[in-house]
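Subject: Structure handover

Hi,

My notes follow below it.

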Amino acid sequence: MVATNDMAGPVRIGQLLRFFLLLPVFLLVLAQCTEAPPSEVARSDWQLHGHDSREQRFSPLSEINDNTVGRLGLLWSLDLPGENALEATPIAVDGMIYFSGQFGKVYAVNAVAGEIAWEYDPQANSKVLPSTPRLYGAHRGVAYWDGKIYVATKDCRMIAINAKTGKELWTTNFLVPGTNATSSGAPRIFKGKVIIGNSGAERNARGYVTTMDARTGKILWRFFTVPGNPDVDTDETTSIASETWSGEWWKYGGGGTPWNGITYDEELDQIYIGTGNAGPYHYPGRLDGSKDNLFTASVVALDPDTGKYKWHYQYNPLEVWDWKATADIILADLTIKGEKRKVLMQAPSNGFFYVIDRTDGKLLSAEKIGKANWADRIDLKTGRPIERPGIRYETEPAIIYPSAAGAHNWQASSYNPQTGLVYIPYMQIGMKFWRTPEAAARVKDVRSGGLTGVGVNMDFHVDPDDPLDGKGSLLAWDPVAQKLKWRVDYPAMWNAGTMTTAGNLVFQGTHTGQFNAFDARTGEKLWSFYAGLGILAPPITFEVKGIQYISLLVGYGAGGGEGSEYLNKGWKYGLQPRRLLTFALGGTARLPQTPAPDKSVQFVDDPAIKLSSEAIRRGEISYHMMCTACHGAGAIATGGAPDLRGAGAMRDKAVLTAVLREGLLVENGMPRFGNISDSEINNIFQYVRSRAREAIADQE
Ligand code: CA
């Protein structure tokens with residue numbers, strides 16, 4: 001289907017004959033393959049984030065297939081010192097692999113030899129403004145276009161880099177002052193432009209995407225996903241969406257941060273933005289009037305040249321559960337009820353799988369992919385969910401499935417047009433939400449350097465009688481029938497994204513460190529490799545000089561600290577080496593020695609330190625606003641950062657002060673909290689000391 005060079009030369013009789021002989025086959029293939037091929041992408045490369053502009057993560061390569069995969073082996077591994085959580089989809093172009101590590105550090109690696117050609121460190125963690133809230137350094141990838149690599153750094157700079165030399169070509173700052181945003185996503189490329197969203201809904205950010213000229217870095221247009229202050233702001237979203245909000249939302253940011261899924265539709269020439277949850281989840285006046293709060297938890301279609309709004313579909317009106325539409329948005333042509341439809345497909349957080357007509361945003365179908373107790377169904381006429389009562393925990397605590405982590409999060413789904421199935425990394429766990437005046441009061445700390453709350457209390461909920469609760473699965477979902485075709489259940493939740501190929505294979509890494517290949521039609525496990533460390537990132541495949549390769553980043557460490565026991569499988573910060581692995585048929589390399597999973601912590605304490613219950617109480621609140629995303633809920637680390645109960649720096653308040661205020665460990669990834677007060681430092685110190693003391697007492 002893709003034009004090759006031998007069609008461009010002078011046509012000889014033999015070629016003509018061959019053409020006519022092959023014509024029926026061609027037509028047959030055309031009839032089966034209803035999709036227009038994406039342009040400008042070599043079938044041998046993995047050039048765009050989702051392989052090609054449809055973001056199906058489907059590779060037409062098939063040397064590695066359901067018959068040969070048994071011979072797949074490790075070709076080389078590359079240790080990446082200083083890295084922790086690795087979430088990026090690598091890009092493979094012309095025999096080179098490009099990817100990002102923590103905070104947006106960029107690597108270029110020779111795909112066959114496994115040698116680093118260049119590294120580019122934007123020093124993003126040390127350049128983050130003291131007033132800007134931060135989260136862990138996880139980063140989801142770079143983009144490639146016309147000999148350039150594009151990276152959006154944690155501190156919101158877009159940097160274009162010469163792909164050959166690693167030299168910086170231009171830098172554009174895309175942080176709107178005062179919006180409290182960070183960036184963790186992979187830029188997308190379309191029509192000579194580069195687009196990026198932002199992150200930080202839990203830190204009072206206002207969501208937006210920024211589009212730049214890919215040659216020069218000039219900002220061309222920006223689209224805000226939530227309105228600003230209607231008395232001040234004049235952007236399109238403020239004028240069309242303000243009436244869908246209540247209270248003084250602009251003081252709290254509003255959220256809707258589009259931190260991952262963005263897909264450009266070549267056929268219809270429009271771009272789809274997947275928006276994040278509303279933030280904070282609760283604040284005074286937010287629920288008044290039960291308004292929809294556009295465009296949170298939505299897909300928004302924009303004009304790619306102007307950034308003007310075209311249409312939207314909102315999954316969750318008045319979103320209050322940290323549910324987002326930030327999963328990758330997959331484009332396909334499906335035959336539904338005998339009619340060919342141009343659709344986009346997404347499994348957002350809320351536990352349903354949606355098929356949407358991408359010509360106009362109309363919902364075609366939506367069904368539950370797993371446990372979802374908040375709605376009976378989605379009304380196809382109105383496109384709105386038929387919600388169950390009490391789900392916004394107005395007066396009573398509510399146990400909601402799925403949890404804030406989602407039935408599906410950012411971990412990529414893939415779609416195989418040959419099997420007609422979507423492969424979804426699914427999680428099953430509930431969440432208890434409840435309000436208290438204390439939680440509500442925390443949102444008053446808005447825009448004070450990360451000291452913000454979400455306005456509610458939350459805790460993971462597991463039903464002891466449901467063996468699948470707290471665990472994850474790979475689902476093979478039929479998007480036309482809206483039915484499960486097959487599933488593979490895993491011992492842990494928070495597994496990696498998927499990739500599928502014309503070799504009838506689906507690949508996926510797991511939380512427990514297995515890299516698996518399944519028969520795409522049946523789900524039979526055909527191959528597995530133990531990577532020595534939990535896997536978060538999706539694999540890619542590409543071809544160099546006729547040989548097919550598969551590459552995968554291995555680096556566990558993020559995923560939010562909430563719900564420690566479900567996320568802690570012994571992958572420790574700084575213990576197991578983080579790596580790039582590459583596989584090929586006949587590969588015989590072995591992984592270097594890798595420490596086994598280890599959940600133990602050497603708790604440290606100084607009995608001379610006097611603890612105050614009031615400081616501990618306040619410290620617990622500050623800890624869970626500032627520290628928990630990396631260091632874990634209850635000060636129990638899950639691999640994102642060191643366990644503070646065993647950290648030497650936490651035994652000495654002066655050292656802790658230097659770490660927090662002066663940024664003593666910025667190089668290691670520990671952010672600087674420039675404007676934290678002495679009493680806050682003391683409270684956090686006291687809380688962590690108390691947690692270490694309790695842990696030591698439990699051991700005795
Ligand atoms: Ca969120």
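In which loop does Ala 641 lie? Ala 641 sits in the loop between helix 7 (628–631) and helix 8 (653–662). Helices here are DSSP runs of H or I with at least four residues, strands are E runs of at least two, and both are numbered from the N terminus.

First, the ground rules. This is a predicted model, with residues numbered from 1 along each chain as its sequence is written, and local features need pLDDT of at least 70, while side-chain atom pairs count only at pLDDT 80 or more. Totals for chains, interfaces and linings use all residues, and side-chain values use heavy atoms, with hydrogens and water left out.

Ala 641 is buried, at a relative accessible area of 9%. Buried means under 20% relative accessible area, exposed means over 50%, and partly exposed is in between, with a 1.4 Å probe and protein chains only. Beyond its neighbours within four places in sequence, Ala 641 is in contact with Asn 84, Tyr 573, Cys 630 and His 631. Contact means heavy atoms within 4.5 Å.

Ala 635 touches Tyr 623, Asp 643, Arg 645, Tyr 687 and Arg 691, leaving out residues up to four places away in sequence. From Ala 635 to Leu 421 the C-alpha distance is 41 Å, at a sequence separation of 214 residues.

**Helix packing**

Helix 6 (residues 613–626) packs on helix 9 (residues 678–699) at about 95°, with the axes 7 Å apart. Axes are lines fitted to C-alpha atoms, for helices over the stretch in contact, and angles run from 0 to 180 degrees between N-to-C directions. Helix 6 and helix 9 are therefore roughly perpendicular. By the cut-offs, under 35 degrees is roughly parallel, over 145 roughly antiparallel, 65 to 115 roughly perpendicular, and the rest oblique.

Which residues meet there? On the helix 6 side they include Ala 615, Arg 618, Tyr 623 and Met 626. On the helix 9 side they include Glu 680, Ile 684, Tyr 687 and Ser 690. By class, the contact of helix 6 with helix 9 has 7 nonpolar, 7 polar and 3 charged residues. Ala, Val, Leu, Ile, Met, Phe, Trp, Tyr, Cys and Pro count as nonpolar, Asp, Glu, Lys and Arg as charged, and the others, Gly among them, as polar.

**The calcium ion**

The protein donors are Glu 202 (OE), Glu 202 (OE), Asn 277 (OD1) and Asp 322 (OD), 2.2 to 2.9 Å from the calcium ion. Donors are N, O and S atoms within 2.8 Å of the metal (3.2 Å for Na, K and Ca); water is not among the atoms, so sites may look incomplete. Along the chain the donor spacing is E-x74-N-x44-D. Distant parts of the chain are linked here: Glu 202 is in the loop between strand 12 (193–196) and strand 13 (208–213), and Asp 322, 120 residues apart from it, is in the loop between strand 20 (309–314) and strand 21 (330–336). Asp 322 is buried, at 8% relative accessible area.

**Cysteines**

The structure holds 0 disulfides. A disulfide is a pair of cysteine sulfur atoms within 2.5 Å. Cys 156 is buried at 1%, and Cys 627 is buried at 12%.

**Backbone points to check**

- Gly 279 and Pro 280 are joined by a cis peptide bond, omega about -15°.
- Leu 294 to Phe 295 is cis, with omega near 0°.
- Pro 280 lies in the loop between strand 18 (278–279) and strand 19 (298–302).
- Phe 295 is placed in the loop between strand 18 and strand 19.
- Ala 297 is not a glycine, yet has a positive phi of about 45°.
- Asn 204 is not a glycine either, and has a positive phi of about 65°.

Best regards
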